[in-house]
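Hi,

Here is the structure I promised to pass on. Have a look at it first, and my notes follow below.

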Amino acid sequence: ILDNFTNQDTITELNSAVDDNANIILEYKLNQTFNPHNYTISINNGLNWSATNYINFSSGLLNNRRAFNSSLGKLSDGTITFCFSFYETAELRIKGIYLSKFINNSWTTYQTVDSTGVWGFIFSPTANKEMIVFSDSNGNKTDLFFRTSTDLGNTWSAKQILLSTQNSKSRPRVVKNDNGEIYVYYEEKLPTSFANFYQTEIFYIKSTDGGNNWSAPVRVTNY
């Protein structure tokens, strides 16, 4: 057991990442909007875990308790990153993608990566190169975009479209296997035979050359 919750609690966000020293970071947020993001660390492949702490990257209005749409990623030097957007109030969400790094067992003050995107996910497609994939509005729908960095995420390139189709896409997540193949999984809203009703399905696109070229979308789920 890593943590105990009350019967009323549910986990609304759950992420994990492994650094180059095989340390596992598990991060989660409970149901209440302004609860913090908790994290715990294992240094022995999950056999034992540290005491639960919370990610603390800022104070003031935009603080650690207002983060949502989060993910954990890893830079090319092994640094774990926490990527997120903000709540301003329980009803209003501030678009934008922000980044905090886990350095020397603490989280850095957040930096802005993109001012309008959401659901950012950071990974390293090749040595000394970072890439962030996210969704953003594009006309009357949302598409997948990306930015790249060659200085460990301190500065980022201009925004570019990664994938644009006729349907809205969101929640990208990235997997890179030991052969260097990169898979970007995402959700897409598909129209149904009923007007104004949609179903959400999971697709992926694949790159075998470090993110320079991508396959056509492949559908993973049905209903």
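(Patches take residues with over 30% relative accessible area and no salt bridge, joining like charges within 9 Å and nonpolar side chains within 5 Å; a salt bridge is a Lys or Arg side-chain nitrogen within 4 Å of an Asp or Glu carboxyl oxygen; areas are Shrake-Rupley with a 1.4 Å probe.) Phe5 sits in the segment before E1 and is partly exposed at 35% relative accessible area, the class between buried (under 20%) and exposed (over 50%).

Before you read on, this is a predicted model: local features need pLDDT of at least 70 and side-chain atom pairs 80 or more, while totals for chains, interfaces and linings use all residues. Numbering runs from 1 along each chain as its sequence is written, and side-chain values use heavy atoms, without hydrogens and water.

Next, the sheet. Four strands (DSSP E runs of at least two residues) form an open antiparallel sheet, ordered E1-E2-E3-E4; pairing takes at least two DSSP bridges. E1 (11–18) and E4 (53–54) are the edges, each pairing on one side only. Asn38 has Tyr54 in E4 as its bridge partner.

Finally, Thr116 lies in the loop between E9 (111–114) and E10 (118–126), partly exposed at 33%. Beyond four places in sequence, Thr116 contacts (heavy atoms within 4.5 Å) Lys95, Gly96, Asp136 and Lys159. Its side chain also has a polar contact of 2.6 Å with that of Asp136, meaning a donor–acceptor pair of N or O atoms within 3.5 Å.

Cheers

Methods: Buried means under 20% relative accessible area, exposed over 50%, partly exposed in between (1.4 Å probe, protein chains only).
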